[in-house]
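Hi,

Here is the model I promised to pass on.

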Amino acid sequence: MRLKIPSNFRIIRVPCTGKVDVIHILRAFEKGADGVYVVGCMEGDCHFNEGNFRARKRVEQAAKILDQVGVGGERVKMFNLSAGEGPLFAQFSIEMDNIIRELGPSPIRVAKQKKKDAA
Amino acid sequence: MIIAEKKPIEEIIDEVKDFNRLLILGCNECVTVCEAGGKKEVEILASALRMYFINKGDEKVITENTLERQCDHEYLEELRSNIDDYDAIVSLACGVGVQFAAEKYLTTPLIPGVNTVCLGANEDRGLWTERCQACGSCVLARTGGICPVSRCAKRVLNGPCGGSTNGKCEISKDVDCAWQLILDRLKALDKMGDYEKIAPIKDWSTDRAGGPRTVTREDVKI
């Protein structure tokens with residue numbers, strides 16, 4: 001297919017989005033990520049029945065925490081597609097890239113950089 | 001088990017803002033099962049606090065630890081060797097754990113990270129409901145295994161009261177009338193005869209009304 005997708009994100013493969021926990025998302029932000037998006041199977045199509053529903057809940061929980069600590073819950077998103085939808089994956093990646101570019105760098109990354117520059 | 005609820009992060013931030021070296025201390029028992037203060041919640045709270053304070057330019061040293069139990073000497077003793085490394089401890093254990101840790105480490109401020117709610121059961125995913133009020137003298141044998149002390153708003157022992165309508169309590173349409181549940185269960189058990197027996201006046205001195213309670217077992221003391 002050779003689809004064009006932004007090259008500024010790292011794919012972390014998990015056996016099912018149900019494996020993704022709130023702490024995994026938070027750690028990414030703690031390390032300076034500007035955004036995180038979780039891409040799961042279509043709702044109702046989970047091989048483990050509820051994996052993607054669990055992931056959605058955890059994304060919501062992470063977003064709430066990010067709002068509370070001043071990072072911004074809009075930096076984390078959940079998308080659903082089927083395994084055969086490469087073009088949709090590319091579209092979601094571009095969509096997420098646009099959202100993050102609009103929001104600018106994560107305040108954590110900015111604060112960390114400031115500290116590094118001061119040292 | 002003891003049911004607890006996470007405190008809002010804002011409240012915890014407000015309590016810890018003046019300390020520089022924090023220990024977030026979880027408990028592996030009840031609060032782990034009710035997803036309020038186990039290892040996972042410790043990691044999440046520590047990460048959230050780290051991000052908040054980095055963002056504010058006030059970086060703190062935040063350490064994570066989860067003990068097997070916070071209501072036992074032997075596990076709390078594990079902290080003794082490095083207790084001086086912390087300016088304060090945020091304990092995600094129930095009120096018992098927080099207090100026991102506070103009694104043990106007199107000069108370290110203890111901050112609760114959860115609100116302890118009740119003794120309850122995990123009725124459904126994400127739903128915990130009260131089942132026992134620890135009144136100290138159990139009446140369940142006479143009430144079909146359903147507790148009128150914890151589940152009836154009035155704690156009536158010869159119920160139901162006049163507020164029972166269609167099996168619901170007058171305090172809320174979502175609350176079952178405990179005495180309706182008791183009647184249904186006694187019927188199912190074919191023990192309606194028990195319902196006719198008048199319960200004697202309950203000895204409330206074993207409840208909180210008699211002050212803090214203790215259990216002493218000479219037979220197990222060493």
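Let me start at a turn in chain B. The hairpin of β6(B) and β7(B) has 2 residues between the strands, and G126(B) takes a positive phi near 80 degrees there. Keep in mind throughout that this is a predicted model. As for confidence, chain B has a mean pLDDT of 95, with 100% of its residues at 70 or more. For the complex, the predictor gives an ipTM of 0.93 and a pTM of 0.93.

β6(B) covers residues 114-124, and its antiparallel pairing with β7(B) runs over 5 bridges.

A handy pair to look for here is I3(B), which stands opposite C118(B) in β6(B).

Put together, that gives an open sheet of 3 strands in chain B, ordered β1-β6-β7, with antiparallel pairing. The edges are β1 (2-6) and β7 (127-132) of chain B, each of which pairs on one side only. From one strand to the next the twist averages 75 degrees.

Helix α1(A), residues 22-30, packs on helix α2(A), residues 51-68, at an angle of about 40 degrees, and their axes are 9 Å apart. At that angle, α1(A) counts as oblique to α2(A). The crossing of α1(A) past α2(A) is right-handed. From α1(A), the contact uses V22(A), I25(A), L26(A) and F29(A), while α2(A) brings R58(A), V59(A), Q61(A), A62(A), I65(A) and L66(A). By class, the residues of this contact of α1(A) with α2(A) are 8 nonpolar, 1 polar and 1 charged.

How many residues does each chain bring to the contact between the two? Chain A gives 16 and chain B gives 13. On the side of chain A that touches chain B, the elements giving two or more residues are α1, α2 and α4 (107-118) of chain A. α1(A) has the largest share of that side, with 6 residues.

α4(A) meets helix α3(B), residues 39-55, with axes that come within 9 Å and cross at roughly 60 degrees. That angle makes α4(A) oblique to α3(B). Which hand does this crossing of α4(A) past α3(B) have? The crossing is left-handed. P107(A), I108(A), A111(A) and K112(A) of α4(A) make the contact with M51(B), I54(B) and N55(B) of α3(B). Sorted by class, the contact of α4(A) with α3(B) has 5 nonpolar, 1 polar and 1 charged residues.

Cheers

Definitions and conventions:
Residues numbered from 1 in each chain as written. Chains lettered and ligands numbered in written order. Predicted model: local features only at pLDDT ≥ 70, side-chain atom pairs only at ≥ 80, totals over all residues. Pairing = 2+ DSSP bridges. Helix = DSSP H or I, 4+ residues; strand = E, 2+ residues; numbered from the N terminus. Axes fitted to C-alpha atoms, helices over the stretch in contact; angles between N-to-C directions. pLDDT = per-residue confidence, 0-100. Parallel < 35°, antiparallel > 145°, perpendicular 65-115°, else oblique. Left-handed = near helix turned anticlockwise from the far one by under 90°. Contact = placed C-beta atoms within 7 Å. Nonpolar A, V, L, I, M, F, W, Y, C, P; charged D, E, K, R; others polar.
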